[in-house]
Amino acid sequence: MKSSARRTRDIERQAGYLRPEHCAPPPPRGTSGTMWFIRDGCGIVCAVITWLLVFYAEFVVVFVMLWPAKNVAYSLFNGVLFNSLAFLALASHARAMCTDPGAVPKGNATKEFIESLQLKPGQVVYKCPKCCSIKPDRAHHCSVCKRCIKKMDHHCPWVNNCVGENNQKYFVLFTMYIALISFHALALVGFHFVLCFEEDWSKCSAFSAPATVILLILLCFEGLLFLIFTAVMFGTQVHSICSDETGIEQLKKEERKWLKKSKWMNMKVVFGHPFSVAWLNPFATPDHGKADVYQYIV
């Protein structure tokens, strides 16, 4: 026997029970150049902290370890490599934060829109009572963004945005580049400690020995923490993409109703068709190719 909550949920999905008269007409669409930004205090603070931590790593790597080094080639190579990876990490973060993750038009549960679907007897549509939207398949409501997001994986405060179908590529690149610069910073710190133990500390840093040690230890903690965190997150995101199942769908154990594709095709759906170096470029908008067309009718 169905519970009361289950019966209510089933009733709300019926086309005749959507009550479109309770929904205001959707706001006019802005121009294509309108930037997406979530005004969430916690998310903004986390995003600012992320940038400050990267800048701190830049300062220690460049001015504490590489600038005083006697080997110019060593300093130039590692300086260019670290700064390039850090730039790509911050660019990926900015794109993940300021890209619409796939928000469903707010307030589209209007009488006109429902009539345009030409529902047949027995057909069902999903309505979000919070944002008054007719949700396509695999969309979920985010309480922070206050919107329904297509293929929503999770809401990440570190990028102050949801991770969805339109910005998942940038989030994956962000975690990858942060993991790479964290590993690079740890390797440089280890090499610097060995070098300074063999020579006079005053010759291997422009700062005093105690200040240098404190700066390097703090960078070690930061690098190790973010290396573990972003490497794990990168792995879970790649697995989620290959299995074509978002984090929310895995958590809720939702029934799989969408067409199963190969792992390689799932990667191309997120990063773009065809495979190219643009997969690693946060400035390249992915061409989703023959991605699934989301259906409103179930």
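Which residue just after H8 takes a positive phi? Gly272 does, at about 115 degrees. The close-ups below come from a predicted model, in which local features need pLDDT of at least 70, side-chain atom pairs count only at pLDDT 80 or more, and totals for chains, interfaces and linings use all residues. Residues are numbered from 1 along each chain as its sequence is written, and side-chain values use heavy atoms, with hydrogens and water left out.

Helix H8 covers residues 263–271; helices (H or I, at least four residues) and strands (E, at least two) are DSSP runs, numbered from the N terminus. Its buried residues are Asn266, Met267, Lys268, Val269, Val270 and Phe271. Buried means under 20% relative accessible area, exposed over 50% and partly exposed in between (1.4 Å probe, protein chains only). Pro274 lies in the segment after H8, and the peptide bond that leads from His273 to Pro274 is cis, with omega near -15 degrees.

**View B. The pairing of helices H2 and H3.**
Helix H2 (residues 41–66) and helix H3 (residues 72–98) have axes that come within 11 Å and cross at roughly 175 degrees. Axes are lines fitted to C-alpha atoms, for helices over the stretch in contact, and angles run from 0 to 180 degrees between N-to-C directions. H2 is therefore roughly antiparallel to H3; angles under 35 degrees count as roughly parallel, over 145 as roughly antiparallel, 65 to 115 as roughly perpendicular and the rest as oblique. Residues of H2 that meet H3 include Trp51, Phe55 and Leu66, and those of H3 include Tyr74, Phe82 and Met97. Contact here means heavy atoms within 4.5 Å. By class, this contact has 14 nonpolar, six polar and one charged residues. Ala, Val, Leu, Ile, Met, Phe, Trp, Tyr, Cys and Pro count as nonpolar, Asp, Glu, Lys and Arg as charged, and the others, Gly among them, as polar.

**View C. Asp153 and its surroundings.**
Asp153 sits in the loop between strand S4 (147–150) and strand S5 (154–156). Asp153 counts as buried because its relative accessibility is 7%. Leaving aside residues up to four places away in sequence, Asp153 touches Val163, Gln168, Gln237, Ser240, Thr246, Gly247 and Ile248. Of these, Thr246 is 93 residues from Asp153 in sequence, while their C-alpha atoms are 4.8 Å apart.

Zero disulfides are found in a search of the whole structure, a disulfide being a pair of cysteine sulfur atoms within 2.5 Å. Cys131 is in no disulfide, and the nearest cysteine sulfur, that of Cys148, is 3.4 Å away. At 4% relative accessibility, Cys131 is buried. Cys132, in the loop between strand S1 (126–128) and strand S2 (133–135), has a positive phi of about 55 degrees although it is not a glycine. Most residues other than glycine have a negative phi. With 16% relative accessibility, Cys132 is also classed as buried.

**View E. Asn160 in its loop.**
Asn160 is placed in the loop between S5 and strand S6 (161–163). Asn160 is not a glycine, yet has a positive phi of about 50 degrees. Its relative accessible area is 0%, so Asn160 is buried.
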